[in-house]
Amino acid sequence: MAARIVVLGAGFGGLELATILSERLGDDANVTVIDEAEAFVFGYSKLDVMFGRVTPAEVRLPYAEFVKPGVSVLRERITAIDPESRRVTTDAGEHDAEVLVVALGADYDFDATPGLADANEFYSVAGAERLREVLPTFTHGRAIVGVCGAPFKCPPAPSEAALLLHDYLSERGIRGDCEISLVMPFSTPVPPSPDTSAALLEAFAERGIEFVPGRRVNSLDPGREVAVLDDGAELPYDLFLGVPRHRAPQVVLDSGMAEDGYVPVESRTLRTRYPGVYAVGDVATVGVPKAGVFSEGAARIVAESLAQDGRPREYEGKGSCYVEFGAGRIGRVDVDFLSGPKPTGTFQEPSLELVAEKQYFGASRRARWFGR
Ligand SMILES: Cc1cc2nc3c(=O)[nH]c(=O)nc-3n(C[C@H](O)[C@H](O)[C@H](O)COP(=O)(O)OP(=O)(O)OC[C@H]3O[C@@H](n4cnc5c(N)ncnc54)[C@H](O)[C@@H]3O)c2cc1C
């Protein structure tokens, strides 16, 4: 029997890790996956939900359908992690692991941005569902897509939100009565890829979207409907679409594993400083962006090493992100974070072919993980 592997979190990282171990080891895999949620939702589905392109029910992939030989999925809330003894406490009991994989993602720190709790954000499922109701009531004035801190998940997503908002308002015939501003802590929309950034800046200029670079939203005054930036500047808004500040889940911070908000790992192997404990995905500091493709790639490396088939590969920090450009077109950026002295990104122009490719990206994971 293989070592007892406990995987904390059933997101991109946890699902891929358990799937590979099940494929390689079958009934002997001896994997337990723990997640408090009832269903998985792709990050990008939040944009589709908020703009009314799909219903919330359509994007939920229930964990009850994640059925793999040698893998059990427990719906429990993790309340404590002891990385020294590899003991995990949940609201239902205790789990002892021989190998522990922390894949709990990044959480949102709403309190870090005063006023945000009374405005809107589109990074959680609940926030996207709320905006689905709010957006139809917006008829004129200024909308701000505002990032409250870095790092944040899926760096292209705020740019995508601004471009999709343009389409949404145009379709309703009210774009001329509205302004759109995008506030971002980076100097360009996608720093590792100058070509992607140039294409996005051109798309903003064509559509009259104001790009405010190198700034983050520090606080909001919902009474006055004003966003206060980190240089003290005030931007009035009629609709605020926020990206909250991120941090590791509280249970990870309380475990003592985190440094500067996330779990440090050896980038090539995803090992933490605790024997038998790995961290993959958004919860870890790997030197790659916080995105599902990177969580999944890191999980593959750990799974192959645990399955011990062949010489273990090293994590290369490569991944492709699809970027919604609006007008029914999608571009792609292929980024490489760990091969060279600095990150690089290659851009593919927005096209209809890439729309089909993104659909395949989602469909292939739905089939692989949930048998749909
Ligand atoms: C708007 C938006 C668009 C995005 N678009 C893309 C995209 O196009 N491509 C892409 O690759 N990425 C995209 N992302 C990013 C992507 O969703 C995340 O980076 C990815 O989900 C991270 O995977 P993970 O496995 O590290 O963590 P997650 O997928 O966040 O999984 C963590 C899991 O841990 C569970 N958990 C947390 N705390 C506890 C606890 N205490 N007890 C029990 N369970 C717990 C959670 O319920 C969750 O299921 C997007 C994100 C957003 C918000």
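Leu8 sits across from Ile34 in strand E2. That pair belongs to E1 (residues 5-8) and E2 (residues 31-35), parallel neighbours joined by four bridges. Strands here are DSSP runs of E with at least two residues, helices are runs of H or I with at least four, and both are numbered from the N terminus; two strands count as paired if DSSP finds at least two bridges between them.

Bear in mind that this is a predicted model, where local features need pLDDT of at least 70 and side-chain atom pairs pLDDT 80 or more, while totals for chains, interfaces and linings use all residues. Residues are numbered from 1 along each chain as its sequence is written, and side-chain values use heavy atoms, leaving out hydrogens and water.

Zooming out, E1 and E2 are part of an open, parallel sheet of five strands, ordered E5-E2-E1-E9-E21. Its edges are E5 (71-75) and E21 (277-279), each pairing on one side only.

Helix H9 (352-370) is among the elements giving two or more residues, and H9 contributes the most, five.

| Class | Lining residues |
|---|---|
| Nonpolar (Ala, Val, Leu, Ile, Met, Phe, Trp, Tyr, Cys, Pro) | 10 residues |
| Polar (the others, Gly among them) | five residues |
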